[in-house]
Amino acid sequence: MTQYVGLDVSLKDTAIAIRQNGKRIWRGKCCSDPATIARTIRKHAPDPEKVVFETGPLATWFFHSLSGEGLPAICIEARHAQKILGETLNKTDANDAEGLARLAETGFYKAVRVKSFGAMLIRALVAARAQLLGVTTQLSNQIRGIMKMFGLIVPKSKGRAFLSRVQDLLQEQSQLAQIILPLVEVWQAVRARVSELSRQLLAAARHGRNTRLLMTIPGIGAITAVSFVAAVEDPGNFRNSRSVGAWLGLTPRRYQSGTVDFDGHISRRGDHRLRGLLYEAATALLARTRADTTSDLKVWGLQLRERLGFKRAAIAVARKLSVIMHTMLKTGQPFIPTREGFA
């Protein structure tokens, strides 16, 4: 007999529902530990056909751990599942697990690709660095704001120049220095940690063949290249290169109903951090004036800028970059700036 399992995962407990032949045969709850969940499932469903759960913070761990236990784990898109689960009269964990088991039974779900632990480590490294960079910006703004109240204006500067100017302004302000200097010490410590994480990212970029390949594109640096490779993993995960732009939320949303048919803003679905990095790369490509940045892509983007404005042109170039980068990973060829490069 074929059994289908639904898991409603939370941080502490996981609700489990098992269905067979269109009927529920068991449901219960256990702690959110994949090994314990696997034992519980096998006790009531020795050979399940599908074990379905939604995307969430624990999805990567659950998917790889349950797969390692020999269970057919499937992670499905939470946004799609919630449209179905939201129709139940009473919203409970048990009912959500039951609904997920029904989706597994009917096949009416959208499975998502779960990234490897290696890719997630790179993504965590990029996210941690970005978070610490944000902390340094907040601290420097706080220092500037406090000093401004006492008539001490810190000129526009970064890094050591910022530190030197703050210290110079505080030389004759002993009481204010007792407030500002602890913030400065924390600012220095966080910057040191940012430098450590940056070195790790640069090392990962230098040792990766795919990242070095992507960095041949003007505007694509180590962080963007490493993030793109970690997100895509295998180019074969996408049917064609054009679908990468839609996957990153860089294509317009469409609304059609009867006589109404229009395209709106970009969907902004998918990896928001990678989408932002590609937008920054597109901005750098369009704004730079050096001769080594000249390419057919840049000419096309500048023509769009004249017609649509800088922001829309940058978004279009970011989408085109995602297509080009995926094609380069698939073919292994470096970036070719102009069509004459094919000759």
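Before we set out, a word on residue classes: Ala, Val, Leu, Ile, Met, Phe, Trp, Tyr, Cys and Pro count as nonpolar, Asp, Glu, Lys and Arg as charged, and the others, Gly among them, as polar. The model is predicted, with local features needing pLDDT of at least 70, side-chain atom pairs pLDDT 80 or more, and totals for chains, interfaces and linings using all residues. Numbering runs from 1 along each chain as its sequence is written, and side-chain values use heavy atoms, without hydrogens and water.

Start with the largest pocket, which holds about 1,000 Å³ of space. (On a 1 Å grid over the protein atoms alone, where a 1.4 Å probe fits, a pocket is an open set with protein on both sides within 12 Å along at least five of seven lines; lining residues have an atom within 4 Å of a point. The volume is the space filled by probe spheres set on the points, joined across faces, edges and corners.) Select E77, V112, K115, W247 and G270, which lie nearest its centre among 27 lining residues. Next, colour α10 (242-247), which gives the largest share of this lining, three residues. (Helices are DSSP runs of H or I, at least four residues; strands are runs of E, at least two.) The lining divides into nine nonpolar, nine polar and nine charged residues.

Now move to the second largest pocket, about 560 Å³ in volume. Pick H265, I266, K311, R312 and I315, the closest to its centre of 15 lining residues. Here β7 (260-266), α11, α12 (296-308) and α13 (310-331) each give two or more residues. This lining has eight nonpolar, two polar and five charged residues.
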